[in-house]
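Dear colleague,

I am passing on the structure we spoke about, with notes on what was found in it. Please read them with the structure open beside you.

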Amino acid sequence: MSGTALALIQLGAVFFGLGVLGRIAARIGLSPIPLYLLGGLVFGTGGLIELREVEDFIHIASEIGVVLLLLLLGLEYTAGELVTGMRKSWPAGLLDLVLNATPGVIVALMLGLGPTGAIAMAGVTYISSSGIVAKVLNDLGRLGNRETPTILSILVFEDLAMAVYLPVLTAVLAGVGFVAGMTTVGIALVAVTLVLIVALRYGKYVSAIVASEDREIFLLKLLGSALLVAGIASAVQVSAAVGAFLLGIAISDSTAHDATKILEPLRDLFAAMFFVLFGLSTDPTTIPPVLGWAVLLAVVTTVTKIATGWWAAKRAGASQLGRARAGTALIARGEFSIVIAGLAVAAGAVPDEFAALATTYVLLMAIIGPIGARIVEPVMRVLAGRKQRVQVDPLAE
Amino acid sequence: MNVEVTSLPGIGVRKEFSLTKVDRRIGIVDHRDGGTDLIFTKIGDPDSTVQIPLSAVEARTLASLLGAPQLVAQLREEHRELDGVSTRSMLVPPNSPYASRRLGDTELRTRTRASIVAVLRAGQVLASPGPEFVFAGGDMVVVVGTNAGLDAAASILTDG
């Protein structure tokens, strides 16, 4: 069989397999991300079958996947929403950052993953999956709830924090010196600020450059500009992902809506490749030694996220039930934790255990998150019921 | 009326207000991708709401249903002096033969002597629609005429 034929068969099998996995995930009401990771684990190094013929394609496809993930994240928010979200939620956002990044740092240091591994792990445990959270909120019919704006503004803060964190991470991973590292971070901060200002004042001109009535031209201009910006950002060490995110913020209004619609299927395709690649590059045999740590980290960061949401919702005046809902809604980690871990692994700056720990952790959190959000109300009712019974009993005597 | 507008970043905009007779809130979530949800505070938990997703046609129909009674009452008041003339609101159902056809095509005036004086769509009143006006399923029309004429008009709009 020729190389091309084999590559097509392998790629077809991967796509079809992912489709089946996605369907299973949808059936049981879960995010497909953990299943994609599992799929990657099965087919990768040390797994059942190795996919040599399509490795190059999957590699570049996964790079595009990251760019599209971040571009769509930027498209999701207007600059105005980011600025007001930031202003309203910074205390909760900071608490979120401290409470949830710290466990990652501590476990990474205890496992001997080094300072680089610790910085990367901080991001993995910090950032909630805005994709999973938004889907869970809508599925459970909680968009009208009082605590929902609080949850969403924390997500906005996290995503903006990503724009600052990713260039820092890229600099650390590249192992550049302190001065060069600070320069990169400086460039990134200036870029973030400039883009926010440009997007607030002149967003419509940026939109006008990429906008087009014709679907095909629109798609080509969008994808072209995204890859160009990502490439240039990557060349000046600011991280391709941040470039794409900033471009997404700069595109506004109806152009942003149209862009989201046209890019969503592409993102799903390429991002799936990215998750598979991450699974592929993780050797399943490295998982058992870190399994205990991953479970511990999952338990601790579930508690810290609940605490974050609880505190933030309390400030916003929500009832106990609302606070519990806000806390559990934030638990899920997903796509961006893997983006961070993917950057670290691709740079080769972290030991093998890192990928294993990150994969297992995200697998657990992507499952615990939606389940936690679902069971919180019955659990709180049972707790409340018990408390009431204790109060009522003495009267009955 | 004090309508509370909250932006839901990444999702859309929420607009709601407090109800005076019961201690509850009611409103809508406008999704950025076009959908609308009706939201209503649940009993027993002031923070959580019932969320009912509505299609575009359903939202339009609900808006018309809510907007019609006031307009009809107002017109009825105006026609009170005229004996035998009354005002009624009726729905153009989504499956009506005249949904997405012109008002002129119904020949309502010739067939029933009743006339369409207003159309309610998406909570807005479109007054005195001309023959070139195109109906959409879910439109609420306000018709003035004799009782027999109004009955005939209703059956024309529903069954053709």
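Four bridges join β8(B) to the antiparallel strand β7 (residues 115-121) of chain B, where strands pair if DSSP finds at least two bridges between them. Both strands belong to an open, antiparallel sheet of four strands in chain B, ordered β6-β9-β7-β8, whose edge strands are β6 (86-91) and β8 (124-127) of chain B.

This is a predicted model, in which local features need pLDDT of at least 70 and side-chain atom pairs count only at pLDDT 80 or more, while totals for chains, interfaces and linings use all residues. Residues are numbered from 1 along each chain as its sequence is written, chains are lettered from A and ligands numbered from 1 in the order in which they are written, and side-chain values use heavy atoms, with hydrogens and water left out.

Turning to the interface, 24 residues of chain A and 21 residues of chain B take part in the contact (heavy atoms within 4.5 Å). The two chains bury about 1800 Å² between them, 50% of it on carbon and sulfur atoms; buried area is the accessible area (1.4 Å probe) lost on putting two parts together, summed over both. The rule finds one salt bridge across this interface, namely B:D47 with A:R146, whose closest N and O atoms are 3.7 Å apart (a side-chain nitrogen of Lys or Arg within 4 Å of a carboxyl oxygen of Asp or Glu).

Best wishes

Technical notes
Helix = DSSP H or I, 4+ residues; strand = E, 2+ residues; numbered from the N terminus.
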